Amino acid sequence: MALRTPVRTERPAPAKNVGGRGRRPRPSAAGARIWTWLTLPGTVWMSVFFIASLLLVAAISFGTTDQLGDPRFGTDLGNLKALADPAYRDVMVRSLGYALLTSVICLLIAYPVAYAVALHAGRFKNALIAAIVVPFFANYLVRMYGWSVLLSDDGPVLQLLRAVGLADDHTKILNTGFGVIAGLVYGFVVFMIIPLYAAMERMDTALIEAGRDLYGGPLRTFLFVTVPATRQGAAAGMVLVFLPAMGDFVSAQFMGGPNQIMIGNLIQDKFFEGQDWPLGSALTMALMAVLLLAMFGYLRRTRKDEAEATR
Amino acid sequence: MSDHLPQLSRRSLLRAGGLGALGLSLAGCGFSQPATVPVAQTEKPIDMKVDGPLVYFNWADYIDPSVFAGFQKEYGVKIIQSNFDSMPGMVAKLDAGNKYDVIFPSAKYAQRLAQAGRLYAIDHSKLRNAELVFGSYSYFDDPWYDPKSAHTVPFTMYKTGIGWRRDKLGALSGSWQDLWDAQSSGTTFLLDDEDEVLGMAALKLGLDPNTTAQGDLDRMTSLLQTLRPHLRGFSSDDYNNLLNGTATMTQAWSGDMVSVLSQAKDATLYGFEVAKEGSPINSDCFAIPANAEHPGTAMLFIDYMLRPENAIKTIQYLGYPMPVHGTEATYAAMVKQLPQCVIEPGDLKPSLYFRNPSGDGAQARDTAWTDVKAG
């Protein structure tokens with residue numbers, strides 16, 4: 001955005017430039033080369049560790065397993081056919097629902113937190129952000145295992161709730177849909193707080209004052225100034241939460257029951273219990289296809305936002 | 001009992017899904033072919049003498065540290081420990097070319113490794129304490145997974161039954177049908193284990209626990225669908241689920257019930273039964289990978305582990321019995337509350353072991369398991 005502002009002032013309003021992609025000042029050849037070189041480490045990294053491994057997964061999804069249970073490359077379509085089993089579709093739909101719900105709940109929780117920290121925490125800002133992030137240094141699996149102990153039927157949480165009359169002997173938290181979603185929200189909420197915090201931190205607070213000067217009430221100012229200014233942060237947070245939540249298997253394993261199994265659990269099963277890497281890979285590809293669709297929606301959305309922002 | 005915070009111990013947590021192993025197996029790139037070792041070399045008897053440090057590869061926390069210390073002191077060698085958290089993870093590490101001197105595969109995996117020529121032959125006549133095993137547990141003279149135990153020595157044994165809360169359910173009937181008990185409905189668990197769940201259904205229906213016939217699998221799946229509404233979950237953390245009150249009844253491994261006994265405030269609250277329709281039986285074993293660099297030290301270690309005093313320490317530490325003559329009384333005393341945990345030589349029936357399905361059998365079973373698990 002910083003780049004574009006001078007461009008716009010230099011020339012008359014470009015009628016056709018709706019997309020906001022105007023000509024930029026042409027950089028010198030040497031300058032351009034530096035930027036090209038700087039993309040190299042990232043390109044190599046992604047090619048080796050992401051694209052290459054992705055191609056491997058794609059290749060193995062047509063493979064078979066040998067006697068030891070090790071995958072062998074092949075041209076077998078059986079794994080893709082196996083995906084037609086309705087169990088996979090049902091579990092995939094459930095995972096989508098859980099991940100979406102998780103993203104929305106995370107947004108609702110994270111927005112006030114990020115708002116308070118970014119705009120009203122003063123000199124405690126960094127300390128508060130650290131306090132939010134530090135617990136996430138501990139391994140997610142270990143934290144979830146800890147929760148499963150705390151929330152067990154005779155665990156401290158339910159004992160306390162029973163003592164104060166908020167729960168009876170039949171109240172359960174573990175092995176319920178509530179438990180799984182709570183686990184997902186707990187696990188990924190930080191991915192929502194950070195981008196929202198960054199967006200609010202970046203936001204020019206003078207805009208809020210301007211809104212108030214223009215006789216906007218607190219609610220109107222919030223809805224028409226703050227929310228649009230932080231929408232991109234929220235969208236980024238939604239994606240950052242949605243993607244890992246969709247593929248998660250830890251929360252469902254520790255907090256879920258037989259009716260909360262997620263696609264991540266089935267994929268994990270294929271790689272371990274079933275020792276069927278090819279089918280696991282095929283499932284992974286199917287999951288990626290779903291996630292790509294979601295990402296595509298996000299990219300279209302942000303492009304639209306960008307277009308609006310630069311109109 | 002009520003504020004009981006269970007320990008993260010032994011293999012159960014990790015076995016709960018072999019979670020962390022994803023990273024390991026991926027790092028191990030299972031499809032790389034290990035350098036093949038000439039068969040002649042691995043079939044040659046190993047010279048039982050110290051030929052370097054012992055590179056030990058097992059589940060975490062399986063052997064009493066004092067037993068390790070004793071070996072290091074007696075033979076003046078170091079033990080280099082590493083751990084796996086699932087059988088596939090173990091194979092992946094071996095495939096990646098890692099060199100270990102002694103590993104502990106389950107029967108099913110021992111068969112796969114032995115058939116693939118990945119294990120050294122072990123000459124029992126060289127082991128001073130082999131007689132304690134093979135003399136009393138003749139089953140291991142020629143087990144299905146390794147003809148004549150030519151590449152393995154049995155390590156621990158376990159069976160699968162039902163663990164339950166006596167105070168909540170009273171006495172059970174001794175049948176797999178107990179899992180359908182209405183009283184524990186909603187707090188009943190099955191193990192998160194394909195073989196165990198399918199095997200239970202098969203035994204209840206009077207079928208072969210290893211069946212791969214589609215008709216059998218369909219019957220088993222529909223039987224399990226009738227159990228699903230009663231289930232609270234699939235979990236291999238059997239003893240913690242019992243201890244923290246989440247389960248009133250769970251399919252359970254006999255050795256894990258020892259953890260219940262040792263950790264419960266009131267051990268009399270718990271029961272363990274094996275079903276009259278048949279209880280799956282299993283064993284782990286010692287093996288020496290074909291690419292081991294110090295097979296001589298590994299032989300000494302296996303022999304050392306079979307000494308009754310070390311076997312007893314291991315049994316007390318681990319909770320699983322070993323087929324070593326002279327340790328039976330110790331184990332029986334440990335599980336006095338739950339006598340069905342004891343494994344008699346007669347319990348070791350090949351028909352009750354989980355085996356490697358052939359051909360498309362694995363896939364058919366896996367599909368059935370997915371249908372049961374995903375509902």
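In chain A, 70% of the contacts with a separation of 6 or more are between residues 24 or more positions apart, a contact being two residues whose C-beta atoms, placed from the backbone, lie within 7 Å. This is a predicted model, in which local features need pLDDT of at least 70 and side-chain atom pairs count only at pLDDT 80 or more, while totals for chains, interfaces and linings use all residues. Residues are numbered from 1 along each chain as its sequence is written, and chains are lettered from A in the order in which they are written.

Chain A holds 14 helices and 2 strands, these being DSSP runs numbered from the N terminus (helices H or I, at least four residues; strands E, at least two). Of its 311 residues, 33% are buried, that is, have 20 or more other C-beta atoms, placed from the backbone, within 10 Å of their own.

The unreviewed UniProt entry places the feature "transmembrane region" at several spans of chain A, including residues 34-62 and 96-117; such annotations may be inferred rather than shown by experiment.

| Span of chain A | Distance between end C-alpha atoms | Helix and strand |
|---|---|---|
| Residues 34-62 | 41 Å | 90% helix, 0% strand |
| Residues 96-117 | 31 Å | 100% helix, 0% strand |

The contact between the chains takes 37 residues from chain A and 40 residues from chain B. Among the elements of chain A that give two or more residues to the side touching chain B are helix H5 (86-120) and helix H13 (263-271). In H13(A), 9 of its 9 residues are buried, among them Ile263(A), Asp269(A), Lys270(A) and Phe271(A).

Terms used: Buried ≥ 20, exposed ≤ 12 C-beta atoms within 10 Å, placed from the backbone.
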